[in-house]
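This briefing concerns the strands, helices and contacts of the structure shown below. The points are grouped by topic.

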Amino acid sequence: MTTALIADDEEAPREQLLAALRSTWPALRVVAVAANGVDAWDNFLEHEPEVCFLDIRMPGLSGIDVARRIGAQAAVVFATAYGDHALAAFEAGAVDYLLKPVDAERLAQTVARLKLRLAPAAPAPDPAALQALLAQLSAQARRPPPLAVLQASMGREVRLIRTDDVVYFESDSRYTRIVFEGGDALIRTPLKELLAQLDEQQFWQVHRAVIVNHRHVAAAVRVDEGHMHLTLRGRPETLPVSRHFQGLFKGQ
Amino acid sequence: MPTTPRIDWSQLWYPGPKRAYTADEMARAGSDAPSPTLVVAAGVNFATVALVALQLAPAAHTARLTAALAALAVMGSVAARWLWWRPWRRPLLQAQLMVAAAMLLMTFGMRWRLPERADRESVALVLVIGSALLVAALWFLVVWRAQQIDARLREQAEREKAIEMARRLAAAQIEPHFLFNTLASVQHWVQSKDDRAAPLLAALTGYLRATLPLFDRALLPAGDELVAVQRYLEVMQARMGERLAWRLDIEPGLERTLLPPGLLLTLVENAVAHGVEPQLAGGEIVLTARRDGAAACFEVRDTGPGPSADLHDGVGLANARQRLALACGDAASLRLEPAPGGGCSARIQLPLHTQAP
């Protein structure tokens with residue numbers, strides 16, 4: 001049974017797509033429904049759906065940002081109300097797109113294409129070309145500058161922590177633990193939300209619950225097929241690398 | 001309103017299209033010369049009729065009749081070309097009278113040379129029939145030509161109306177994204193019989209109704225624009241649910257302040273797009289209008305991340321600034337700055353005396 005994720009920040013279009021999919025593709029199992037890009041990415045990591053329907057304009061991470069992170073790990077279909085961005089570039093079929101409100105006939109076409117792509121014999125899409133396309137689209141978006149300072153309450157003081165000093169972030173139930181040079185602290189911002197505000201070049205997500213400052217990474221160690229961890233410069237602890245992110249460390 | 005077709009009796013004694021086109025209308029819709037096909041077809045038809053007529057007439061008068069019919073042909077062609085450029089009933093009547101006069105002249109002219117009464121009658125008959133056909137042909141030509149021009153004028157008017165509508169929509173800068181997203185919600189809620197459909201549709205209609213006429217005037221009372229702003233926020237509210245909170249706080253009397261159209265709407269749209277939509281938790285928009293000494297001050301504040309350091313005006317804002325400067329000169333200002341307590345504050349300040357009566 002094919003699994004899917006739906007993400008849209010507005011309720012009505014989200015529900016509409018869900019209803020349309022139910023009648024067009026009854027065998028599809030929608031495993032997660034997200035109302036923003038941050039949740040969409042987190043849900044992807046948690047449920048590993050095979051198909052992701054992403055609205056392009058979403059708070060937190062845009063649909064394009066989420067698609068870039070997903071890469072070739074799932075089939076992505078963008079949903080948009082109007083032909084924004086150079087969506088025509090996707091006509092080629094690497095990624096499909098739907099116009100909202102979703103029309104049954106067009107959706108049937110998309111579903112047929114998805115089924116072809118998901119068939120075992122289907123040729124894999126070229127991940128490099130896909131990433132190039134998505135990077136191009138994402139470059140057009142305006143985004144706020146990355147977070148430079150974090151504020152953590154520690155007892156009666158509010159500690160200011162420069163992001164440059166952070167070694168890694170770790171999700172700790174409803175909090176995020178910040179491990180930095182000189183100590184650690186807890187903040188209330190969930191890791192998935194923090195992710196969207198950090199500099200992507202500097203901070204690498206390596207696990208659903210871990211983001212690391214790559215300057216502090218010493219080595220990636222493959223333990224066995226499917227298991228990997230990171231060792232850090234001058235620190236004893238190791239950090240797990242989940243399967244989704246092992247592609248970051250493949251040697252040159 | 002159904003209208004019962006009435007018989008225009010004047011067409012019996014004064015036939016032809018009543019409407020005389022202006023020079024401008026003729027230039028726009030009737031500047032084309034008669035097509036060669038039409039000229040050739042008319043010529044061949046006339047020649048055929050003339051040949052038949054000559055067969056019927058006594059052989060002895062073939063030469064005379066040929067000359068007379070040729071004269072009719074020349075006159076008909078001149079009249080037709082003349083009427084081509086003025087296809088309405090006054091010129092048509094003039095042309096028809098000329099043809100009739102020429103026909104009478106020729107008929108009487110031949111009477112003198114034909115002593116036999118039977119000959120005279122048959123020649124006269126051919127000429128009368130020929131002229132009658134010519135008169136009818138001219139009438140037909142004028143009616144056809146007038147309909148052609150009418151159709152073209154109608155088509156042009158419709159096209160102009162469509163262009164004008166498009167221009168207004170463009171001036172109103174209604175974002176297609178906004179429109180289609182809203183329609184997507186409306187459609188879903190209609191299909192799923194959700195009670196939110198009707199209020200959302202009403203707000204959208206109100207928004208469009210309030211927005212389209214905004215741009216007809218160079219300046220308009222803030223109150224008019226605030227109606228559009230309110231409808232816009234209602235639409236966004238319906239779509240975004242509790243992620244959007246908003247309120248308008250207008251000091252009485254300031255609704256009469258004259259502003260260039262679209263200014264407040266642009267600021268509110270920007271606040272939603274940059275201050276609320278990108279925020280995971282949503283946000284609040286507050287529009288206030290206050291008297292500040294001799295100035296009126298309109299402020300749109302959001303609870304977003306605030307203006308970024310490398311802020312540059314988008315198209316909407318640049319437009320707004322330009323329109324404000326054009327309308328109020330240096331006395332007015334539009335500033336974007338970080339709001340105390342976070343978020344972005346957009347302030348328009350302008351002299352109080354720009355008030356509608």
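Helices (H or I, at least four residues) and strands (E, at least two) are taken as DSSP runs, numbered from the N terminus. On that basis, Arg28(B) belongs to helix H2 of chain B, which covers residues 23-29. The model is predicted, so local features need pLDDT of at least 70 and side-chain atom pairs count only at pLDDT 80 or more, while totals for chains, interfaces and linings use all residues. Residues are numbered from 1 along each chain as its sequence is written, and chains are lettered from A and ligands numbered from 1 in the order in which they are written.

**Surroundings of Arg28(B)**

- Arg28(B) counts as partly exposed because it has 14 C-beta neighbours inside 10 Å; with C-beta atoms placed from the backbone, 20 or more others within 10 Å make a residue buried, 12 or fewer exposed, and numbers in between partly exposed.
- A distance of 9.0 Å separates the C-alpha atoms of Arg28(B) and Ile149(B), which lie 121 residues apart along the chain.

**Five-stranded sheet of chain A**

- An open sheet of 5 strands in chain A runs in the order S10-S9-S8-S12-S11 with antiparallel pairing, where two strands pair if DSSP finds at least two bridges between them.
- Strands S10 (183-187) and S11 (203-207) of chain A stand at the edges with a single partner strand each, so one side of each has no neighbour in the sheet.
- From one strand to the next, the twist averages 20 degrees.
- Strand S8 (residues 166-172) and strand S9 (residues 175-180) of chain A pair in the antiparallel sense over 6 bridges, and Ser171(A) has Thr176(A) in S9(A) as its bridge partner.

**Three-stranded sheet of chain A**

- Another open sheet, of 3 strands, has the order S13-S14-S15 in chain A with antiparallel pairing.
- Its edges are strands S13 (217-224) and S15 (235-241) of chain A; each has a single partner strand, so one side of each is left without a neighbour in the sheet.
- The twist here averages 30 degrees from one strand to the next.
- Strand S14 (residues 227-232) of chain A pairs with S15(A) in the antiparallel sense over 5 bridges, and Leu239(A) in S15(A) is the bridge partner of Leu230(A).

- Helix H1 (residues 11-24) of chain A packs with helix H7 (residues 176-191) of chain B at an angle of about 55 degrees, their axes 8 Å apart; axes are lines fitted to C-alpha atoms, for helices over the stretch in contact, and angles run from 0 to 180 degrees between N-to-C directions.
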